[in-house]
Amino acid sequence: MLSLNGEMRVAVCYPPLLYRGRVPVLTQSRIFSFTHSSEIRIYPLVMAQAATLLKADGHGVSWLDGISAGEGLDGWWTRFGAVAPDLAVVETKVTMIRRHWAFIDELKARFPATRVILVGDHVSYFPEESAGACAVDYIVAGGDYDLGIRAIARFEAGEAIDLPAGVWARGRSAGAEPPALDADVDALPWIDRELTKFNGYGEAYLHRPVAYILSGRGCGGIKAVGRCTFCIWQYAFWRKTARLRDPRNVAAEIKHLVDRYGVREVFDDNEAGGMWDLPWLTAFTEELERLDVAGKVHISSNCRADSVTPDRVELMKRAGYRMLKIALESGNDETLRQLAKDETVEEIVRGVKLAKDAGFAVMVTTMIGFPWETDADVRRTYEVAKDLLLYRAHRGDCLEANVVIPYPGTPLHKTMLDRGWFTIDPMDYEAYGLSKPVVTSPADPIAWGRKLWRLHRHPLFVARSALSVRSVHDLTLGWRGLRSLLGHERDYTAVPAGAQAVEPA
Ligand code: SF4
């Protein structure tokens with residue numbers, strides 16, 4: 001471990017900037033929204049890794065996530081003032097960026113000596129925009145922003161004479177080169193969970209205490225690396241690459257989380273988990289068994305449907321996987337083709353059903369409101385999603401419906417711009433996070449979204465879920481899921497003034 005003479009105070013900042021009482025889903029979030037749900041507190045893994053690296057370098061790190069703490073802005077500023085950091089790190093997304101520009105200017109006015117670092121997917125594409133719009137000092141491009149933040153701290157502390165590629169600095173010429181993305185992910189220390197207050201995070205569908213992990217960075221796949229045209233992280237953060245950690249390292253970290261913190265669930269928030277790589281999954285399972293932790297903690301993960309094969313299912317059962325988050329997106333092959341999903345509806349249905357046959361809970365995610373999808377097309381998505389939700393439904397199964405939001409920088413955004421499909425000013429960044437359509441759609445995405453969320457009330461689903469409850473933990477999970485669902489339904493009733501979303505029959 002390096003101990004620096006130029007020790008600094010560094011604050012990780014998530015100021016609680018709400019929208020009409022709605023909470024920004026900002027951390028570790030590919031799809032941004034302001035939500036009424038109080039159950040979504042996703043642990044910011046890369047930022048937590050940054051905090052861990054800074055502490056290892058000898059800096060004093062303050063974790064000021066006012067969003068997860070549910071605190072007010074005044075209280076948050078008081079905490080910030082008590083730290084008076086030398087460096088303040090802010091993560092942003094497109095929807096929040098104008099608020100963050102104003103926030104950074106206020107921060108610099110109140111604390112002129114504090115240097116501000118901005119990170120996130122949007123600024124990875126457009127650093128000059130933020131540099132010109134606010135008084136930020138540094139901007140880090142790319143998903144390995146933990147390493148960029150550490151490099152800036154070393155630079156500020158006088159321990160490094162230059163900054164790496166991908167780091168923009170006010171008054172310097174650095175930043176023109178793209179970030180390298182070649183870091184050895186196994187060289188990173190395990191995240192310091194206490195420093196980063198991991199117990200304040202979780203989602204309705206995960207048992208607590210839950211610890212989020214990353215088995216790697218970037219979306220891999222059986223056929224090819226992920227290239228979905230709407231996937232902001234796979235483009236802005238990982239530039240269509242995928243790295244997996246050594247499976248033995250991941251298994252050892254899970255054992256550590258169980259032994260030290262008694263976690264009941266681990267969620268792998270790597271883009272597509274690690275199971276797409278069969279040798280990786282085999283070694284991971286065998287190591288969990290060797291460490292005697294397999295089956296003693298629930299493991300849940302993002303997963304592509306085409307990674308759910310009989311051999312992988314057997315390994316995942318041995319390892320203790322409980323829930324898989326699988327994207328359907330659309331029930332129409334032509335849409336999946338246009339999105340470069342590299343999967344067909346049939347493959348996705350087969351993968352989800354195989355997972356459910358094996359007893360895994362499955363969260364199916366959908367997107368509604370593509371400009372080329374008619375009402376009949378969206379109905380097909382609805383019918384496929386309904387079939388998947390009701391198929392062998394049991395506790396923990398759920399469905400997610402998102403309005404199509406093309407994020408600036410993605411191929412999908414460019415298509416929407418080229419074809420004139422935006423119904424808002426594409427520079428009206430706040431509109432990208434209000435769970436309302438921003439592009440034209442023959443079908444009504446709000447009404448279909450509400451109808452999809454309401455599938456959780458289907459009598460068959462409710463009955464089968466209730467009958468499969470086995471423990472008080474299951475009941476707790478069900479209660480939290482219900483509260484979260486009600487919050488999501490409120491998101492979908494927030495139609496524009498004067499408009500009325502009418503559910504399709
Ligand atoms: S499969 Fe998921 S994580 Fe991978 S590129 Fe597509 S949307 Fe992104």
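Domain bounds here come from an automatic or database domain assignment. The legends below walk through a predicted model, one close-up at a time.

**View 1. Two domains share one chain.**
The chain is divided into domain 1, residues 9-169, and domain 2, residues 202-491. Taken over C-alpha atoms, the centres of these domains are separated by 26 Å. Where they touch, domain 1 brings 26 residues to the contact and domain 2 brings 31. On the domain 1 side, β3 (34-35), α4 (97-110) and α5 (121-125) each supply at least two residues. Which element gives the most to this side of domain 1? That is α5, with four residues. Sorted by class, the side of domain 1 that touches domain 2 holds 10 nonpolar, 11 polar and five charged residues.

**View 2. Strand β5 sits between two partners.**
Look for β5 (87-91), a strand that is mostly covered, with five of its five residues buried. L87, V89 and E91 lie on one side of β5, while A88 and V90 lie on the other, and all of them are buried. One partner is strand β1 (residues 9-14), which pairs with β5 in the parallel sense over four bridges. Within that pairing, A11 has A88 as its bridge partner. The strand β6 (residues 115-119) also runs parallel to β5, and five bridges join the two.

Now zoom in on V89. Which residues does V89 touch, not counting residues up to four places away in sequence? They are V10, V12, C13, A50, I117, V119 and I149.

**View 3. Two loop residues with a positive phi.**
A84 lies in the loop between α3 (73-83) and β5 (87-91). Although A84 is not a glycine, its phi is positive, at about 45°. Is A84 buried or partly exposed? A residue needs 20 or more other C-beta atoms within 10 Å to count as buried, and 12 or fewer to count as exposed. A84 has 14 C-beta neighbours inside 10 Å, so it counts as partly exposed. Next, find D342 in the loop between α12 (333-338) and α13 (345-357). D342 is not a glycine either, and has a positive phi of about 60°. With 18 other C-beta atoms within 10 Å, D342 is partly exposed.

The peptide bond from R208 to P209 is cis, and its omega is near 0°. P209 belongs to the loop between β8 (167-169) and β9 (210-213). In β9, V210 and Y212 point one way and A211 and I213 point the other way, and all are buried. Strand β12 (residues 265-268) pairs with β9 in the parallel sense, over four bridges. To find your place in this pairing, look for I213, which stands opposite D268 in β12.

Which residues are found around the ligand? They are C219, G226, R227, C228, C231, Q234, E271, A272, R304 and A327. By class, this shell has five nonpolar, two polar and three charged residues.

**View 7**
Helix α16 (residues 445-453) is largely enclosed by the rest of the structure, because seven of its nine residues are buried. The buried residues are P445, I446, W448, G449, R450, K451 and L452. D428 is found in the loop between α15 (411-418) and α16. Is D428 buried or exposed? It has 11 other C-beta atoms within 10 Å, so D428 is exposed.

Note on methods:
Residues are numbered from 1 along each chain as its sequence is written. This is a predicted model: local features need pLDDT of at least 70, side-chain atom pairs count only at pLDDT 80 or more; totals for chains, interfaces and linings use all residues. A residue is near a molecule or strand if its C-beta atom, placed from the backbone, lies within 6 Å of it. Ala, Val, Leu, Ile, Met, Phe, Trp, Tyr, Cys and Pro count as nonpolar, Asp, Glu, Lys and Arg as charged, and the others, Gly among them, as polar. Two residues are in contact if their C-beta atoms, placed from the backbone, lie within 7 Å. Two strands pair if DSSP finds at least two bridges between them.
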